[in-house]
Amino acid sequence: MSIRLQDVLNHPTLSAADPVVRAAAGTAARTQLRWIHSSEILDIAPLLDGGEFLLTGGEALALASDERRVTYIRELAERGVAALAIETGPALPSLPSSMVSAAEAVGLPLIELRKVVPFVSVMQAINSSLVSESVSQLRRADEASHAMAVELAHGGSLDRILAVLAGITRAEVTLASLTGATLASASPGNAERAETAGHSETADAGSAAGGTAAPHEHARLIHIDVPVRGILAAQLLLSVPADEDENLARTAGKRSVDILALAMLQRMSPGLREVAGAALIRAIDSGSQPWRLQQLASAAGIPVSAPLVAVVVRSDISQQLRTSLEQHLSRAAQSHATYVDNAELLAVASLAGDASEESRRRLLAGLVELSAMAGTLAAVGPLVAGISDAPWSLSEAKLTLELASSPQQAPGSGGLHQSVIDAEAFAVERLTVQSLDPYQRRNFVRQQLGALLDHDAQRNSRLLDTLATWLDCGCNTAHAARELHVERQSMHQRLRRIFELCGGDPRDTGRLAALHLATRLATLS
């Protein structure tokens, strides 16, 4: 018989704390517990396994910001924690309303402990009962694992294998891809239907999902990661009815992971290279250690020492753009990987080592000409020597997008809007914003261009744009005139006025670089 939260709240060791359920009270009566744990660490969620009743003294929460408190609640709920109890007192007189609202929103029972009790006594009393229960659950989970292995050995489909798990746990079971598509599903007692569905396991997600019965009211959803060869490939979802043993379902689900991974390899070829590619992009974006990047790159078919660039595309239709981008990268790069994260489409592309700069230019030019890129904002990061430096290329591409998304145009763009930006065109801006604070940048611009800026402000002129274009064109007056669509004589007149305001013609002095830098930084102010 599973131990429920209400039973623990009524236990003498905890009832002495005068507990009051402040959020998700309707869930508390049917919440099942796997373990009781205490911790004052706010980053505890990744260390938990789901089903825990967490006790905390609240001192760390008292010092935390309101935003961090809400994040703490959400992280525990996402991890599958059964309930949270917080001790109030001098440090934290009452539970913050933001935490109560957040817990109610995610369905996490939140309990206020209004008196002090020794947490160790509570854990010793309750966990001893939970241990004896877990022994029985492990035995039944092993039985389920063995039965699933037998089904696999006899050639059973993924649906048939899941039907074994559903029958023992009495849960609705679904195996879903990382994109949310249903790979297989089963309901308790539907082995016959699962066998029929096994003949069409490559059908679309909607058909597979259609064989699953409607979820029970008040069912608890358990998420379990399913890695294949060390790479996250799918998720096992168990929807456990309120009157069934949630801890058994969690234990049996975890015991079935290796069998499901083997079944995926044998039955449906999950595209490990694509899965590894997505994992690689996520690891690059999060700044993982080089050894992890090298491991994932090898699995994704990207040479670890090949020169490569990162590409970032920001659009409301990033998922739809993915196919067009991949087709272009297939032509322009030796190998590549892509990943969509909300409104961002991220990619890395390895290039030919003997002509990597030229390969990068072709990749960039192809993106500019790609019709699907119209209306988007994309950046190609700097070229790097291998996968270990990919996080830098990606972060510089993202920084370029931040700089280019301002009303100012990209350097050398001639005033035209550009959907695809070369990060190298923003090398000066990228270096400066990372080295100088806004005050230092504004002060430098003012020192170099103060008279010119005042003139533009007073006369509503655009001499700064003229100077910036002239400098970007290598001080070629004819080229700059064409870029600005003005007569050459008008260009000479503008330059004479600019030189007067800036202390003379800078071409024969050491001020040329400083003026050029100042015009670039002025667009960031």
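This is a predicted model: local features need pLDDT of at least 70, side-chain atom pairs count only at pLDDT 80 or more; totals for chains, interfaces and linings use all residues.
In helix α18, which spans residues 427-435, the residues E429, R430 and T432 are buried, where buried means under 20% relative accessible area, exposed means over 50%, and partly exposed lies in between, with a 1.4 Å probe and protein chains only. Among the elements that cover the buried residues of α18 are α17 (390-404), α19 (438-459) and α23 (512-522); helices here are DSSP runs of H or I with at least four residues, strands are runs of E with at least two, and both are numbered from the N terminus.

Residues are numbered from 1 along each chain as its sequence is written, and side-chain values use heavy atoms, with hydrogens and water left out.

Now the chain as a whole. Its secondary structure comes to 23 helices and 14 strands, and of its 525 residues 48% count as buried. If we take the contacts with a separation of 6 or more, residues 24 or more positions apart account for 68% of them, a contact being heavy atoms within 4.5 Å. The protein chain exposes about 24400 Å², of which carbon and sulfur atoms supply 51%; accessible areas come from the Shrake-Rupley method with a 1.4 Å probe, and for residues only the protein chains shown count as cover.

Let me turn to the sheets. Five strands form an open sheet in the order β1-β5-β4-β3-β2, with mixed pairing, and two strands are said to pair if DSSP finds at least two bridges between them. At the edges stand β1 (19-23) and β2 (35-38), each with a single partner strand, so one side of each is left without a neighbour in the sheet. From one strand to the next, the twist averages 25°. The pairing of β1 with β5 (residues 110-113) is antiparallel and runs over four bridges, and within it P19 stands opposite L113 in β5. Helix α6 (residues 97-106) lies across β1, β4 (83-87) and β5, running at about 70° to β1; such axes are lines fitted to C-alpha atoms, for helices over the stretch in contact, and angles run from 0 to 180 degrees between N-to-C directions.

Another open sheet has four strands in the order β7-β6-β9-β8, and here the pairing is antiparallel. Its edge strands, β7 (182-186) and β8 (220-228), each pair on one side only. Strand β6 (residues 172-177) pairs with β7 over four bridges, and A176 stands opposite T182 in β7. Helix α11 (residues 246-255) packs on this sheet, touching β8 and β9 (231-240), and its direction makes about 10° with that of β8.

Finally, what about accessibility in the outer parts? D354, in the loop between β12 (344-350) and α16 (356-369), counts as exposed because its relative accessibility is 76%. Although D354 and P307 are 47 residues apart in sequence, they are 9.5 Å apart in space, C-alpha to C-alpha.
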